Amino acid sequence: MTAHLPPRSRIVADRLAEAGIAGEIVVLPDAAATAALAAAALGVEVGAIANSLVFWSEGEPLLVMTSGAHRVDTAALAARLGRGNIARASAEQVRAATGQAIGGVAPTGHPAPLTTVVDEALATFAEIWAAGGTPHTVFPLTFDELVALTGGTVSKVD
C-alpha cells in the first residue's frame, strides 16, 4: 500500500499506522516546502498546515509543530518552557535529528523521539496537514492525533 511512496515517507506511514492514524500520505506533484505552498496545493487555510520546525536548545533538538500562520517567537517560547536559548537548527542538525530534509520534516518517523511542542493554535482546525517526510508528501490528522503522535507539549509559540 505504501510502495509508491518515497522511502522516508514509508517510514512515516508505518509510524502513522502504528499510532492508529487513518490519514494517508498524499504525494503532491510539486514540492510544498512552505506552509503557503502546501496550503495552496491542498486548498486549505495556511493556518491548518502544521509546520515541523527543528530548533536547537540545551544541546538537543526541539521540534516545534507550529501553525503555518505563525512564526515561532524563540525567546518567548524559551521562557514559557523554562529553557535557555532556542535557536534554529542547521540543515545538518535537522537531517541528523529527523532523518528528513528541511521542507519535508514530518512529526514522526525520526531515528529517536524528539522533544516536541505543538502550537495551541492548531486546535482551532478540525483537520490539519503535516509533511510526510519529503517536500512532496503530506498527510491529514487532527490536533489530538498530532499531540498523541508526538507526545508534544501544547503551548503558544508566537
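Reader: Why is Ile11 called partly exposed?

Author: Ile11 has 28% relative accessibility. Buried means under 20% relative accessible area and exposed means over 50%, with partly exposed in between (1.4 Å probe, protein chains only). The 28% of Ile11 therefore counts as partly exposed. Do keep in mind that this is a predicted model, where local features need pLDDT of at least 70, side-chain atom pairs count only at pLDDT 80 or more, and totals for chains, interfaces and linings use all residues. Residues are numbered from 1 along each chain as its sequence is written, and side-chain values use heavy atoms, leaving out hydrogens and water.

Reader: Where does Ile11 sit?

Author: Ile11 belongs to helix 1, residues 7–18; helices are DSSP runs (H or I, at least four residues) and strands likewise (E, at least two), numbered from the N terminus.

Reader: What makes Thr108 buried?

Author: Its relative accessible area is 10%, so Thr108 is classed as buried. Thr108 is found in the loop between helix 4 (91–98) and strand 5 (115–119). Beyond its neighbours within four places in sequence, Thr108 is in contact (heavy atoms within 4.5 Å) with residues including Val12, Arg15 and Leu149.

Reader: Which residues of helix 2 are buried?

Author: In helix 2 (residues 35–42) they are Ala35, Ala38 and Ala39. Down the helix axis, the buried residues fall within an arc of 100° (taken from the directions from the axis to the C-beta atoms), so they line one face of helix 2. Ala36 and Ala40, on the other side, are exposed.
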